[in-house]
Amino acid sequence: MALRSAINDNTVMIAASAPCLPFGVVDPIREVGKIAQEHGINLHVDGSLGGVQLPYYRMLGHDVPEFDFSVPGVTSMSTELHKFGFAPPGVSVILHRTEEQFKFQQWELKEWKMGTYRNRNLLGTHAGAPTAAAWAIMRFLGTEGFMRAAGRQWNAMHRIFDGVAAMQDLYIVGKPDVCTFAIGARKGDITVVMDALRAKGWFPSPRIQTDPSAIHITLSPMHEDHVDEFLADLQVASKASLA
Ligand SMILES: Cc1ncc(COP(=O)(O)O)c(C=O)c1O
């Protein structure tokens with residue numbers, strides 16, 4: 001595995017994604033956890049996009065990859081509540097496996113003339129409004145609300161996967177675990193597909209992905225109501241790219 005050969009005496013941590021942004025694929029966290037343990041180093045799981053999706057998919061009974069502290073070797077995790085937590089930017093969460101480890105996140109300066117300066121993050125003073133908004137949204141939606149939202153995202157994603165599978169000229173890149181994924185073209189020019197979708201009022205991510213060339217889509221719960229329209233427009237866009 002390329003990861004093993006990248007580790008040397010200076011390595012203190014491995015970072016894995018749950019999932020990566022381009023393809024929505026969760027890294028093989030259990031295997032990576034074993035490697036971290038073999039080397040006695042930390043494993044951070046970046047759950048930026050999966051942290052507030054994967055647990056709810058699981059609660060809904062869907063099959064999701066292992067990604068959290070249940071995996072031996074995972075020492076910390078993070079997620080962005082300003083993504084699928086529906087909060088305004090910037091409110092992120094970092095979780096440590098142990099309190100002992102959490103202490104290393106804090107830093108303090110005791111020699112300061114005004115007393116001890118202690119902080120738990122890099123930013124120092126920052127706005128509390130996004131945190132308050134995230135709290136209010138969590139109280140408002142609750143577990144049921146987040147399950148309902150994630151269920152809609154799961155359904156939309158899988159209906160799109162089925163729809164794309166039925167189109168011979170397009171394909172979903174890899175096997176996404178979370179509703180952020182890429183659509184590539186077997187034939188035709190994906191930039192033409194992108195332009196045709198835009199002309200119909202859809203807003204995929206603004207950049208064309210490379211390697212492979214693909215358009216990037218992120219779904220929110222409301223997209224469940226528009227899957228059929230989207231697939232119809234995607235089909236037309238795909239034909240336009242072949243013309
Ligand atoms: C996998 C992953 N990690 C981290 C980030 C950084 O997120 P932010 O800049 O919103 O904190 C992103 C952003 O999309 C992401 O996709």
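User: Which accessibility class does R4 fall into in this predicted model?
Analyst: A residue is called buried under 20% relative accessible area, exposed over 50%, and partly exposed in between. The model is a predicted one. R4 has a relative accessibility of 39%, so R4 counts as partly exposed.

User: Which residue forms a salt bridge with R4?
Analyst: Side chains of opposite charge can pair when their charged atoms come close. R4 lies in helix α1 (residues 2-6) and its partner in helix α2 (residues 29-39), so the pair ties together parts that are 34 residues apart in sequence. The closest N and O atoms are 2.6 Å apart, and the partner of R4 is E38.

User: Is D169, the salt-bridge partner of K187, buried or exposed?
Analyst: The closest N and O atoms of K187 and D169 are 3.7 Å apart. D169 lies in the loop between α5 (129-165) and β7 (170-172). Its relative accessible area is 16%, and the limit for a buried residue is under 20%, so D169 is buried.

User: How far is the side chain of K83 from an oxygen atom of the ligand?
Analyst: K83 is one of the residues around the ligand, which also include D46 and E80. A polar side-chain atom of D46 lies 2.5 Å from a ligand nitrogen atom, and one of E80 lies 3.3 Å from a ligand oxygen atom. For K83, the distance from a side-chain N or O atom to a ligand oxygen atom is 2.7 Å.

User: What accessible area do W107, L109, W112 and M114 have together?
Analyst: L109 belongs to strand β5 (residues 107-109). These four residues, W107, L109, W112 and M114, form a nonpolar surface patch whose accessible area together is about 470 Å².

Notes: Residues numbered from 1 in each chain as written. Predicted model: local features only at pLDDT ≥ 70, side-chain atom pairs only at ≥ 80, totals over all residues. Heavy atoms only, no water. Patch = residues over 30% accessible without salt bridge, like charges linked within 9 Å, V, L, I, M, F, W, Y side chains within 5 Å. Areas by Shrake-Rupley, 256 points an atom, 1.4 Å probe, with all protein chains shown as cover. Salt bridge = Lys/Arg side-chain N within 4 Å of Asp/Glu carboxyl O. Helix = DSSP H or I, 4+ residues; strand = E, 2+ residues; numbered from the N terminus. Near = heavy atom within 4 Å. Polar contact = N/O pair within 3.5 Å; in protein donor to acceptor, adjacent residues only side chain to side chain. Buried < 20%, exposed > 50% of the residue type's maximum accessible area, 1.4 Å probe, protein only.
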